[in-house]
Structure formats: C-alpha cells, structure tokens
Amino acid sequence: AIKDKKSNLQDFVKLDKLGSAFDSFYVQCRKFMEQEMKNQTLFDNSVIKQYYFNHDKLTWLAEVKYSMIVFQNTGLKTIDVKMVNDGFLYTTKNCDINKLYKKARYNSNSWYQLDTGHKKMLQPVFDMINTFGLTTNNPLMLYNHQQDRLYIQCKDFNKKLCFSVTFEYGSPTHDFDDFWEDEEVPASSTT
C-alpha cells in the first residue's frame with residue numbers, strides 16, 4: 001500500500017470542473033430526484049432514470065439508478081449517479097501517480113483512495129448528498145487513472161441509505177453542429 005502523502009491531484013486533473021458540472025446537474029435535477037426518492041417502487045424495481053441538463057452551453061446526461069441492496073445484513077436504498085467526466089480526469093504524462101493518493105485499494109495499481117482534502121473541489125456532490133440526509137464526514141473517494149474514473153460514496157446504516165456518484169469516461173451528449181461555423185475556403189488560383 002502507498003503511505004499517506006499530501007496530494008496534488010488538482011495539479012493534474014480538473015476536479016473543480018467536475019464539481020461545477022455536478023452543480024449544474026444538482027440545481028436543475030434536484031427537485032425531480034427528491035420526488036422520486038418518495039417512490040419505493042423505483043427502488044424495488046432497480047429503475048434507471050436519465051436526466052438531461054445544461055452546463056457550459058452543452059447538454060449533458062446523468063443516469064441515476066434507484067435500487068435496493070443488502071449490505072452487511074442491512075437493506076439499503078441506493079442512489080447511484082453516473083456522469084461523464086468530459087476529459088477532466090485525464091492525467092498528464094509527467095504525473096507520478098504514486099505520489100498523489102492516500103493508499104492503493106487492494107494493492108492494485110489502478111484504484112486509489114483519495115484523501116478528504118479533495119472534498120472542497122467537489123463540494124456540489126457533497127451538498128447533494130447532504131440534501132438526502134447523509135453525512136459526508138467520511139466519504140469513500142476512489143480514483144482510477146487507467147479508466148479515467150472517479151467514484152464517491154457515502155452510506156448511513158441508520159438511515160438505510162447509500163448515495164454514490166461516478167464520473168466515467170465520456171463527453172456531453174450535445175449536438176456539436178451548432179458550434180461549428182462554415183469557413184470560407186479561398187478560391188484557388190489557376191494559372
């Protein structure tokens with residue numbers, strides 16, 4: 001396992017950009033999720049809902065899975081949010097990945113647990129988790145530099161609720177054609 005070290009992950013990836021994108025999702029979709037939290041059928045049937053939202057003049061898609069799981073003999077309602085990372089998790093070639101993380105997960109060389117110092121860059125994620133009544137004092141935050149994935153989870157056995165967010169490889173779903181402009185090509189001269 002990697003020893004505890006101060007992390008400089010923000011020097012290599014753009015967690016603040018992910019936090020900003022999540023904030024747009026949170027503001028635009030929160031009321032729908034709060035209504036759906038009251039619908040036990042969604043959890044019983046493991047329903048996946050899609051939410052489209054706008055961020056940075058682009059249309060993004062978040063998928064939210066509502067389900068029930070049994071963990072340590074306790075039934076938990078789970079809310080799993082999946083969003084694209086839009087390239088904000090890609091590390092640079094000069095990044096010494098082993099110096100960035102608190103410890104490796106299962107002595108793996110691909111999943112690492114981030115220290116809680118990264119929470120402030122992802123504050124909108126924790127704001128939403130707090131909205132659903134979970135404390136965010138000790139979140140599980142994992143990063144995989146090979147798959148460009150960030151995973152955040154908070155669970156409360158007393159409230160029987162688990163909330164997780166995964167940023168995965170991908171781009172917004174926006175139709176990019178409206179951002180492209182035709183460029184006039186100068187006529188070639190024939191001599």
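Select F22, F25, Y51, F53, W60 and F167: ring pairs link these residues into a cluster. Rings of Phe, Tyr and Trp (its six-membered ring) pair if their centres lie within 6.5 Å; planes under 30 degrees apart count as stacked, over 60 as edge-to-face and the rest as tilted. The model is predicted, so local features need pLDDT of at least 70 and side-chain atom pairs pLDDT 80 or more, whereas totals for chains, interfaces and linings use all residues. Residues are numbered from 1 along each chain as its sequence is written, and side-chain values use heavy atoms, without hydrogens and water.

Across the whole structure, a search finds eight aromatic pairs. Select F71 and F157 next: this pair is stacked, at 5.7 Å centre to centre and 15° between the planes. The pair links distant parts of the chain, 86 residues apart, with F71 in strand β2 (residues 58-71) and F157 in the loop between β7 (149-156) and β8; strands are DSSP runs of E, at least two residues, numbered from the N terminus.

Then select K77, placed over the face of F43 at 4.8 Å from the ring centre.

Finally, go to S164 in strand β8 (residues 161-168). The side chain of S164 makes a polar contact with the side chain of D80 (2.3 Å); a polar contact is a pair of N or O atoms within 3.5 Å, where, within protein, one must be able to donate a hydrogen and the other to accept it, and residues adjacent in sequence count only if both atoms are side-chain atoms.

Key
Helix = DSSP H or I, 4+ residues; strand = E, 2+ residues; numbered from the N terminus. Lys NZ or Arg CZ within 6 Å of the ring centre and 35° of its normal.
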